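Work through the exercises below with the sequence and the model side by side. Each task is followed by a solution in steps.

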Amino acid sequence: MTYQLVDNRELITKFGKNDSDTGRTEVQVAVLSNRINYLTEHFKTNPKDHHGRRGLLKLVGRRRRLLRYLAGRNIEKYRKLITELGLRR
């Protein structure tokens, strides 16, 4: 199974208030999750790409911090977001 990157504009319109709402926490988490899923598939075919793996770990850490922030601010939005993105199985 190959994972295709979803266009960021689609994620922004789905999770933001309008088409230019990129600073919203939900939008940032969705964009990061999209990149993380793509890179995870990339490493299945390129296991020796250690420099890229470091970038993946930094993205995962940034997403974790944003999710922690969102959970502290609004738990309902947090729960809705993780179910829509399929996180925390």
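This is a predicted model: local features need pLDDT of at least 70, side-chain atom pairs count only at pLDDT 80 or more; totals for chains, interfaces and linings use all residues.

Residues are numbered from 1 along each chain as its sequence is written, and side-chain values use heavy atoms, with hydrogens and water left out.

**Exercise 1. The chain as a whole**

Task: State how many helices and strands the chain has, and give their order.

Solution. Start from the assignment: helices (H or I, at least four residues) and strands (E, at least two) are DSSP runs, numbered from the N terminus. The chain has 4 helices and 0 strands. Along the sequence the pattern reads α-α-α-α. Next take the extent: the C-alpha trace spans about 40 × 25 × 20 Å along its principal axes. Then turn to accessibility, where buried means under 20% relative accessible area, exposed over 50%, and partly exposed in between (1.4 Å probe, protein chains only). Of the 89 residues, 33% count as buried. Last come the contacts, defined as heavy atoms within 4.5 Å. Among contacts with a separation of 6 or more, 49% are between residues 24 or more positions apart.

**Exercise 2. Helix α3**

Task: Check the span of helix α3 against its number of residues, then find what its buried residues pack against.

Solution. The expected span of a helix is 1.5 Å times one less than its number of residues. Helix α3 covers residues 50-73, so its 24 residues should span 34 Å; the end C-alpha atoms are 35 Å apart, which agrees. The buried residues of α3 are Leu56, Leu59, Gly61, Arg63, Leu66, Leu67 and Leu70. They pack against α2 (25-45) and α4 (75-85). At the start of α3, a side-chain oxygen of Asp49 comes within 3.1 Å of the backbone nitrogen of Gly52. This is a polar contact, that is, a pair of N or O atoms within 3.5 Å; within protein, one must be able to donate a hydrogen and the other to accept it, and residues adjacent in sequence count only if both atoms are side-chain atoms.

**Exercise 3. The largest nonpolar core**

Task: Which residues of the largest nonpolar core touch the most other members?

Solution. A nonpolar core is a set of buried Ala, Val, Leu, Ile, Met, Phe, Trp, Tyr and Cys residues joined through side-chain atoms within 4.5 Å. The largest one holds 20 residues, of which Phe15, Leu67 and Leu81 touch the most other members. Helices α1 (8-15), α2, α3 and α4 each supply at least two residues of this core. The largest share, 8 residues, comes from α2. As a detail, leaving aside neighbours within four places in sequence, Leu67 is in contact with Val29, Tyr78, Leu81, Ile82, Leu87 and Arg88.

**Exercise 4. Glu26**

Task: Is Glu26 buried or exposed, and what does Glu26 contact?

Solution. Glu26 lies in helix α2. Its relative accessibility is 9%, so Glu26 counts as buried. Beyond the neighbours within four places in sequence, Glu26 is in contact with Phe15, Leu70, Lys77 and Leu81.

**Exercise 5. Arg35 and Arg53**

Task: Describe the placement of Arg35 and of Arg53.

Solution. Arg35 is in helix α2. With a relative accessible area of 42%, Arg35 is partly exposed. Apart from neighbours within four places in sequence, Arg35 is in contact with Leu5 and Leu59.

Arg53 is in helix α3. Arg53 is also partly exposed, its relative accessible area being 31%. With neighbours within four places in sequence set aside, Arg53 is in contact with Phe43 and Pro47. The charged end of Arg53 sits over the ring of Phe43, 4.5 Å from its centre. The rule asks for NZ of Lys or CZ of Arg within 6 Å of the ring centre and within 35 degrees of the ring normal.

**Exercise 6. Gly23 and Thr83**

Task: Where are Gly23 and Thr83 found?

Solution. Gly23 is in the loop between α1 and α2. At 52% relative accessibility, Gly23 counts as exposed. Thr83 is in helix α4. With a relative accessible area of 60%, Thr83 is exposed. The side chain of Thr83 reaches the backbone oxygen of Lys80 at 2.7 Å.
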